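Q: Can you walk me through this one? I'd like the overall picture, then some individual residues.

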Amino acid sequence: MTHAGAGVDSNSDQRPNLDTRWDGLLADRSAVVGVIGLGYVGLPLSCAFHDAGLRVVGFDNDPAKIAALRAGRAYIDHPGRERIEALAASGRFEPTDDPARLGEPDALLICLPTPIGRHQEPDLSFVVNAGSEIGRSLRAGQLIVLESTTYPGTTRGDLAHAIAAAAAPGLTHGRDYLLAYSPEREDPGSAGRTTRAIPKLVGGLDERSTRIAARLYGLAIDDVVEVSSAEVAEAAKLLENVFRAVNIALANEMKVILSKMGIDVWEVIAAASTKPFGFMPFYPGPGLGGHCIPVDPFYLAWKAREVGEPTKFIELAGEINRGMPARVVDAVGHALNARSRPLRGSRVLVLGAAYKPNVDDIRESPAAEIITRLRAVGADVAYHDPHVPVFPSMRNYAIDLSSVPLTVSALQDSAAVVVVTDHDAIDWPLVAEHAPLIVDTRNAIRRHVDDPPGGDRLVQA
């Protein structure tokens, strides 16, 4: 794919200098890597480059994170406490909240949030602000790579323009500094899927940016795949997550339909999965969570409208998935009504706050919407999550709850227990034995308990 201006270098005599410089930095692993944003993407990426023997400077505007990292304390489970301790002890990792130091690293990797606004519009403010900060400290020879999920054209457009507008006169992309896109593919909580083991896509604004960025990532990642442009890499990331969102929506819609027919959707999925070709299992749930799947389809839909193309299929999937928390709350209300109990005033214990099993990540977790909706109809809500001791403040929610211990009395005192996240660390046999009513959105009880409750004590939702 060719783009106007891509790879154009009016001062070709300066190319060998930049190439030679990076050849040296990569050959002896002396390149200093700066990672902007030390969350669920930036922190494991920092570990990956540190493990590869490089010096890493981590940037974050949260002083609490900086203090924790300097002390070798982990503030998220991923990528592991031992690796965070190793970062602090090595002398090759330095966390800072000082943006004036952005000119020090040879490469800057941007791992910042790209949320959506109230009307599902893209919010690139974190990325654009970072671009402006980078521009103010930009020096010749630097490589800047965006990892945040976004729509095609962000790197070449929004980010490049923000950097150029703030940079010193005379610094030109392609001649003095390099720009590329490499989408994050972190999978917290999945054994074996380390940052190093997950293949990495790289697409630059020109051939040299792609090549040098790919070589840099190759020091820390086993399999680096070059694509022809930043736009291809940006679109590939969206396709990966839209694919999942659409198929999860199909599973959720099948659950709604089949439950009204008295058919177990989980058994249907297991049966269909015996086909060795043409089928891949996706599973229903209480709604989508994580940063990518609930957000990315709207980035593509927004960009598609810009070029005059509707995304009916994608938007319908989003509508189905966004409606699942409300269906869960309705299921709780119906189950209690069947027992002649109103939802208003009833104690409801939510099991799981994280968006997926065995992690502490609550980004876009459906638990927040479910708890908010339960409270809105008057339920007395508590939650238990062994990975999330305190429900943190979220962009659109203020839950203000702490995890309660999972005890016999906590279960027996609840009118209903709602399974939102199926952590392995939850004592599922205890739940099955003592909860008077279980509304299970994950099929957790039947998977973890040899003799699950019968009758109306277990409701699949």
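A: A term to start with: accessible areas here come from the Shrake-Rupley method with a 1.4 Å probe. On that basis the accessible surface of the chain is about 19,800 Å², and carbon and sulfur atoms hold 53% of that surface. Keep in mind that this is a predicted model.

Q: What secondary structure does the chain have?
A: There are 16 helices and 13 strands in the chain.

Q: How does the radius of gyration sit against a compact globule?
A: The two agree: for 461 residues a compact globule would be near 23 Å, and the chain has 24 Å. The C-alpha trace spans about 80 × 50 × 40 Å along its principal axes.

Q: Charges: how far apart are the mean positions of the positive and negative ones?
A: They are 2 Å apart, for 46 positive and 58 negative charges.

Q: On to the helices. Which residues of H13 are buried?
A: H13 covers residues 366–376, and its buried residues are Pro-366, Ala-367, Ala-368, Ile-370, Ile-371 and Leu-374.

Q: Why would residues three or four places apart point the same way?
A: An α-helix has 3.6 residues a turn, so residues with that spacing point the same way.

Q: Which residues does Pro-325 touch?
A: Leaving out residues up to four places away in sequence, Pro-325 touches Pro-286, Gly-287, Pro-366, Glu-369, Ile-370 and Arg-373. Pro-325 is in helix H12 and is buried, with a relative accessible area of 7%. Its C-alpha is 31 Å from that of Pro-44, which is 281 residues away along the chain.

Q: His-384 next. Buried or exposed?
A: His-384 is buried, because its relative accessible area is 12% and the cut-off for buried is under 20%. His-384 sits in strand E10.

Q: Which side chain does the side chain of His-50 make a polar contact with?
A: That of Ser-90, at 2.7 Å. Ser-90 is also among the residues His-50 touches when those up to four places away are not counted, along with Val-56, Ala-86, Leu-87, Arg-92 and Phe-93.

Q: Switching to Arg-185. Where does it lie?
A: Arg-185 is in the loop between strand E6 (178–181) and strand E7 (200–204). With a relative accessible area of 25%, Arg-185 is partly exposed.

Q: What does the side chain of Arg-185 reach?
A: It reaches the backbone oxygen of Pro-199 at 2.9 Å. A polar contact of 2.5 Å also joins the side chains of Arg-185 and Glu-240. Not counting residues up to four places away, Arg-185 touches Ile-198, Pro-199, Lys-200, Leu-201 and Glu-240.

Q: Backbone geometry now. Where is there a cis peptide bond?
A: Between His-78 and Pro-79, with omega about 20°. Pro-79 is in the loop between helix H3 (63–70) and helix H4 (81–90). Most peptide bonds are trans, and most residues other than glycine have a negative phi.

Q: What is phi for Asn-358?
A: Positive, near 70°. Asn-358 is in the loop between E9 and H13 and counts as partly exposed, at 27% relative accessibility.

Q: And Asp-400: what is its phi, and is it buried or exposed?
A: Asp-400 has a positive phi of about 55°, though it is not a glycine. Asp-400 is exposed, with a relative accessible area of 71%. Asp-400 is in the loop between E10 and helix H14 (408–412).

Key:
Residues numbered from 1 in each chain as written. Heavy atoms only, no water. Helix = DSSP H or I, 4+ residues; strand = E, 2+ residues; numbered from the N terminus. Rg over C-alpha atoms; globule rule 2.2 N^0.38 Å. Lys, Arg positive; Asp, Glu negative; His and termini not counted. Charge placed at Lys NZ, Arg CZ, Asp CG, Glu CD. Buried < 20%, exposed > 50% of the residue type's maximum accessible area, 1.4 Å probe, protein only. Contact = heavy atoms within 4.5 Å. Polar contact = N/O pair within 3.5 Å; in protein donor to acceptor, adjacent residues only side chain to side chain.
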